Amino acid sequence: MDQRAHAAPAETARVPAQSRSGQTAREAGGHPAGASAVRGEHTHGERPVPQPRPAVQRASVRGQILDALRTALMSGELLPGEVYSAPALGERFGVSATPVREAMQQLAQEGAVEVVPNRGFRVVERGARELAELAEVRALIEVPVMVRLARSVPAERWAALRPLAEESVRAAATGCRATYAEADRAFHRAVLGLAGNEQLVQIAEDLRRRAVPLRGARAEMMSDAAEHSALLEALVARDLEAVRALVVGHFADAW
């Protein structure tokens with residue numbers, strides 16, 4: 001009894017009043033639950049409240065709104081040059097303005113929209129010159145990668161991507177720009193993914209997102225999708241000149 005009584009003060013003197021976990025040494029030893037509750041803490045035997053849960057749910061809503069806004073941009077529901085407010089879009093999607101505003105800020109960073117103070121966000125209008133510049137940058141990045149992959153990737157791995165090329169043709173046949181955009185993205189991501197460089201994939205996708213609006217006519221999308229199959233055949237055959245010409249032409253004609 002006397003030994004424990006003498007040990008406690010010594011322990012208290014050595015331990016700081018607040019540890020890294022936010023719990024003092026005396027609290028860990030068994031302060032009354034009421035005293036802990038007043039400070040917003042929990043006792044040793046209590047289960048902690050899962051605080052991150054609301055943040056995860058909010059991020060999920062924001063992600064869903066971001067996907068919906070990207071689809072609306074691709075499909076032409078959100079028109080270039082038009083200004084849209086977060087509250088109005090929130091009402092449209094059945095959510096508050098906050099996740100819409102956060103999603104729009106992400107789109108602004110990607111260059112798809114621009115902030116209009118006290119009004120909302122304007123969908124960016126891209127002229128022919130800007131689209132041509134984007135196509136040139138995409139070609140400068142992706143052509144050398146495609147040629148290198150054509151030399152090194154076995155034919156069977158290219159053949160495994162044929163279902164994605166065929167899916168892009170089916171998507172183009174629907175005439176829906178958003179549907180085709182997703183199929184096109186999946187094909188190009190799979191091709192570049194064979195390089196094993198995730199940074200390359202992310203940069204390519206960022207450039208692709210900036211190159212909106214997508215071609216609108218169904219016939220143009222069908223032609224664009226057909227080039228996916230032609231590119232795969234050239235990659236299987238290791239026809240480097242054909243690969244180079246197809247990639248450059250694909251980007252130049254895509255927008």
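Visitor: Why is Glu205 counted as buried?

Guide: In this predicted model, Glu205 has a relative accessibility of 11%. Buried means under 20% relative accessible area, so Glu205 counts as buried.

Visitor: What makes the pairing of Arg185 and Glu205 a salt bridge?

Guide: The side chains of Arg185 and Glu205 meet at 3.2 Å, N to O. The definition asks for a side-chain nitrogen of Lys or Arg within 4 Å of a carboxyl oxygen of Asp or Glu. The pair therefore qualifies as a salt bridge.

Visitor: Which parts of the chain do Arg185 and Glu205 tie together?

Guide: Arg185 belongs to helix 10 (residues 177-193) and Glu205 to helix 11, so the pair ties together parts that are 20 residues apart in sequence. Arg185 counts as partly exposed, at 25% relative accessibility. Both residues also belong to a network of salt bridges that links Glu182, Arg185, Arg189, Glu198 and Glu205.

Visitor: How many salt bridges does a search of the whole structure find?

Guide: The search finds 16 salt bridges. One of them joins Arg62 and Glu102, and another joins Glu77 and Arg92.

Visitor: How do you know that Arg62 forms a salt bridge with Glu102?

Guide: The closest N and O atoms of Arg62 and Glu102 are 3.7 Å apart. The cut-off is within 4 Å, so the pair is a salt bridge. Arg62 lies in helix 4 (residues 52-75) and Glu102 in helix 6 (residues 97-110), so parts 40 residues apart in sequence are tied together.

Visitor: Why are Arg62 and Glu102 called partly exposed?

Guide: Arg62 has a relative accessible area of 37%, and Glu102 has one of 23%. Buried means under 20% and exposed means over 50%, with partly exposed in between. Both residues are therefore partly exposed.

Visitor: What makes the pairing of Glu77 and Arg92 a salt bridge?

Guide: The N to O distance between the side chains of Glu77 and Arg92 is 2.6 Å. Since the definition requires a distance within 4 Å, the pair is a salt bridge. Glu77 lies in the loop between helix 4 and strand 1 (83-84) and Arg92 in helix 5 (residues 86-93), so the pair ties together parts 15 residues apart in sequence. Glu77 is partly exposed at 46%, and Arg92 is partly exposed at 43%.

Visitor: Why is helix 7 called roughly antiparallel to helix 11?

Guide: Helix 7 (residues 128-152) and helix 11 (residues 198-210) pack at an angle of about 155 degrees, with their axes 10 Å apart. Angles over 145 degrees count as roughly antiparallel, so helix 7 is roughly antiparallel to helix 11. Helix 7 passes helix 11 in a left-handed crossing.

Visitor: Which residues make the contact of helix 7 with helix 11?

Guide: Helix 7 contributes Leu134, Val137, Arg138, Ile141, Glu142 and Val145, while helix 11 contributes Leu200, Ile203, Ala204, Leu207, Arg208 and Arg210. By class, this contact has eight nonpolar, no polar and four charged residues.

Visitor: What makes helix 7 oblique to helix 10?

Guide: Helix 7 and helix 10 pack at an angle of about 60 degrees, with their axes 10 Å apart. Angles under 35 degrees count as roughly parallel, over 145 as roughly antiparallel and 65 to 115 as roughly perpendicular, with the rest oblique. Helix 7 is therefore oblique to helix 10. The contact is made by Glu142, Val145, Met146 and Leu149 of helix 7 with His188, Val191 and Leu192 of helix 10. By class, it has five nonpolar, one polar and one charged residues.

Visitor: How do you know whether Val247 is buried or exposed?

Guide: Val247, in helix 13 (residues 240-253), has a relative accessible area of 3%. Because buried means under 20%, Val247 is buried. Leaving aside neighbours within four places in sequence, Val247 is in contact with Val143, Met146 and Leu231.

Visitor: How do you know whether Arg119 is buried or exposed?

Guide: Arg119 is in the loop between strand 2 (113-116) and strand 3 (120-123). Its relative accessibility is 52%, and exposed means over 50%, so Arg119 counts as exposed. Leaving aside neighbours within four places in sequence, Arg119 is in contact with Val83, Tyr84 and Ser85.

Terms used. Residues numbered from 1 in each chain as written. Predicted model: local features only at pLDDT ≥ 70, side-chain atom pairs only at ≥ 80, totals over all residues. Heavy atoms only, no water. Axes fitted to C-alpha atoms, helices over the stretch in contact; angles between N-to-C directions. Helix = DSSP H or I, 4+ residues; strand = E, 2+ residues; numbered from the N terminus. Left-handed = near helix turned anticlockwise from the far one by under 90°. Contact = heavy atoms within 4.5 Å. Nonpolar A, V, L, I, M, F, W, Y, C, P; charged D, E, K, R; others polar. Buried < 20%, exposed > 50% of the residue type's maximum accessible area, 1.4 Å probe, protein only.
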